[in-house]
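Subject: Structure for you to look at

Hello,

Here is the structure we talked about. Please open it first, then read the notes below.

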Amino acid sequence: MDQELARQWLTTALDEARAGLGEGGIPIGAALYGADGVLLGRGHNRRVQDGDPSLHAETAAFRAAGRQRSYRGTTMVTTLSPCWYCSGLVRQFGISRVVVGEAETFHGGHDWLAAHGVEVVVLDDPACTALMRDFIAAYPALWHEDIGEEA
């Protein structure tokens, strides 16, 4: 995938992450793009705001995209390496590519996805990394709850 296009699409996910933080939630954002480059859906982690443990950024973007006949050729763009739950969503529905803003603060299932034929692009974006580092430092208990670990 073209790095310039990947970074452009990451902007949408990063805007979503910042919106989530502004709502008092966990700053992870995602966007699902069609094979033709059209934005299908976008969203952010809403676990805190809605009290729904299944509302991760990737699932929010997936839901916002609505029903698609096929997800082949689509790209999930996320500010943070997808957890196992969201990695499973990508595999289950045959999403072809995942663009990861950063995998330094959390290394999710993107290696597993790559091993199963999903194209994975890790951008190591400094803005994504700084957003998560600052959040984890300020709200460690909430972060550990989100990733399913004891603080």
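In helix α3, the buried residues are A57, E58, T59, A60, A61, F62 and A65. Buried means under 20% relative accessible area, with a 1.4 Å probe and protein chains only. Helix α3 covers residues 57–65, and seven of its nine residues are buried, so the helix is mostly covered. Helices (H or I, at least four residues) and strands (E, at least two) are DSSP runs, numbered from the N terminus.

This is a predicted model, in which local features need pLDDT of at least 70, side-chain atom pairs count only at pLDDT 80 or more, and totals for chains, interfaces and linings use all residues. Residues are numbered from 1 along each chain as its sequence is written, and side-chain values use heavy atoms, with hydrogens and water left out.

What do the buried residues of α3 pack against? They pack against β1 (29–33), β2 (39–44), β3 (75–78) and α4 (84–93), where contact means heavy atoms within 4.5 Å. Just after α3, G66 has a positive phi of about 75°.

The sheet is open and has five strands in the order β2-β1-β3-β4-β5, with mixed pairing. Two strands pair if DSSP finds at least two bridges between them. β2 and β5 (119–122) are the edge strands, each pairing on one side only. Strand β4 (residues 97–100) runs parallel to β5 and is joined to β5 by four bridges. In this pair, V99 stands opposite V121 of β5.

Regards

Definitions and conventions: Buried means under 20% relative accessible area, exposed over 50%, partly exposed in between (1.4 Å probe, protein chains only).
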